[in-house]
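I opened this entry to keep a record of what I looked up in one protein model. The notes follow the order in which I went through it.

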Amino acid sequence: MKLSFATLKTARPATSRFSGGMKGKGSFCLTLLALACLVVPAQSAVTLGLWDFNNAAELNFLNTAQGAGPYAGSTYSNAAGAVPHLTVSSLSVGSGLRTNGGAGTISSVGTAVSPSYNGVMGVGGSNPYVFPSAAAATASPAAAMTASDYFSVTLTPESGYALNLTEISFYAWANQTNTSGSYTYFVQSSATGSTILGTTTKAYNTTGAVVDNSTAPSSSNLYSFDLSAYSADLMNVSTPITFTVGVYSTTNGSLRLDSLQIQGDVVPEPSRALLLGVALGCCLLRRRR
C-alpha cells in the first residue's frame, strides 16, 4: 500500500509536537525536583545539645543545691550561635541521684591539675558530676526509673521544624576505691518508651571501669549509641522529646557522668520525601494534561 506525500506530511507533525511536549514536561519536572532540593537542603549531623559541668562552659550548672534540680543552664551554642530552630533544656538530675545514699555534687576541679580534697577530674580535667553508688542501688532499668535514678534532657523543635536524632554519647566511670560489683548506664526516650536505646555495663575489674581522681577520663570511658535502628520513632520528630540516661549499681564508692551529647539535625517540615512526592505528583498531573 502506497501512502501519498500529503498523507506523510500530515502524519509527521504529530510526532514532532509530542517530542517537543515531552521535552518541556521533562524540564518542568527537573525544575520542581531542583526546587524541592533547595527548599530542604541535605543536612549533616551536628551537636544538638551538650551538657557538661564546667564552671566556664557554655552549659554551666548554676544551682548545685541538693534538692534544687533541675539545674539551670544556658542552651548549647556552636560556632555560629545557638542551633537554629531548636531549644534544649537544662540537664535534670533525678531525685534518686540527689538524695538516696547522699547527695551528688559537681566536682570543684576546674583545671587539669591534681584535684583538691574530694575533687575529681572530668573530661579534659574539667568538672564532672559525682554521686554515690548507693544512690543507684537498684538492679534493673525499670527499678532505676522508678527510683528516679537518671539524668534527663529535653529537645524541642520550633514549630514547622523536626528533629532527626542520630546518636547520644556520654562519659561515665567510677572512682578507684571500688573493688567489686558493676555499674550499668542505659538510655531511653519519651518517643520510644521503655525500649533501651543503648546500654553499657562495666565490672570494676575491667579496663576503663575506674579512674583515679587525679586522672581525666579517656576514650575507654566514652559510650556512644547509634540511634539509626530507631529511625521510625527518632526521625522527623516535630514535638518535644526527652532523653533519659539511667544508672544502677551493685557496688560501693561513687560514680561519675560528664559531657552528655546528642547528635542529629533540624529540618523543615514537611520532610524532603514529602516535597519530592509532591513534585513527582505535579509531574504526573502535567504529563496527563
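**Overall**

I am working from a predicted model. I counted the secondary structure of the protein and got 5 helices and 15 strands. The protein has 289 residues, and buried residues make up 40% of them. For the accessible surface I have about 14300 Å², with 57% of that belonging to carbon and sulfur atoms. I then looked at contacts with a separation of 6 or more, and 76% of them come from residues 24 or more positions apart.

**Aromatic pairs**

I searched the whole structure for aromatic pairs and found 9. One of them is Tyr129 with Phe151, whose ring centres are 5.6 Å apart with 90° between the planes. I note this pair as edge-to-face, because the angle is over 60 degrees. Tyr129 belongs to strand β7 (residues 129-132) and Phe151 to strand β8 (residues 150-157), so the pair ties together parts that lie 22 residues apart in sequence.

I took Phe170 and Phe225 next. Their rings form a tilted pair, 6.0 Å centre to centre and 45° between the planes. Phe170 sits in strand β9 (residues 161-175) and Phe225 in strand β13 (residues 222-226), so this pair links distant parts of the chain, 55 residues apart. Phe170 is buried at 0% relative accessible area. Phe225 has a relative accessible area of 10%, and I list Phe225 as buried because the limit is under 20%.

Which residues do ring pairs link into a cluster with Phe170 and Phe225? I list Tyr183, Tyr185, Tyr204 and Tyr223 alongside those two.

**Strands β9 and β13**

I checked how these strands run, and β9 and β13 are antiparallel, joined by 5 bridges. Ile168 stands opposite Phe225 of β13. Along β13 I saw the side chains alternate between two faces. Tyr223 and Phe225 point to one face and are buried.

**Gln263**

I looked up Gln263 in strand β15 (residues 254-268). Its relative accessibility is 16%, so I count Gln263 as buried. The side chain of Gln263 makes a polar contact with the side chain of Gln261, at 3.4 Å. What is Gln263 in contact with, leaving aside its neighbours within four places in sequence? I noted Ala45, Val46, Thr47 and Leu48, and also Asn164, Leu165, Thr166 and Glu167.

**Thr207**

My last entry is on a loop residue. Thr207 is found between β11 (193-203) and β12 (210-211). Is Thr207 buried or exposed? Its relative accessibility is 70%, so I count Thr207 as exposed.

Methods. Residues are numbered from 1 along each chain as its sequence is written. This is a predicted model: local features need pLDDT of at least 70, side-chain atom pairs count only at pLDDT 80 or more; totals for chains, interfaces and linings use all residues. Side-chain values use heavy atoms; hydrogens and water are left out. Rings of Phe, Tyr and Trp (its six-membered ring) pair if their centres lie within 6.5 Å; planes under 30 degrees apart count as stacked, over 60 as edge-to-face and the rest as tilted. Helices (H or I, at least four residues) and strands (E, at least two) are DSSP runs, numbered from the N terminus. Buried means under 20% relative accessible area, exposed over 50%, partly exposed in between (1.4 Å probe, protein chains only). Contact means heavy atoms within 4.5 Å. Accessible areas come from the Shrake-Rupley method with a 1.4 Å probe; for residues, only the protein chains shown count as cover. A polar contact is a pair of N or O atoms within 3.5 Å; within protein, one must be able to donate a hydrogen and the other to accept it, and residues adjacent in sequence count only if both atoms are side-chain atoms. Two strands pair if DSSP finds at least two bridges between them.
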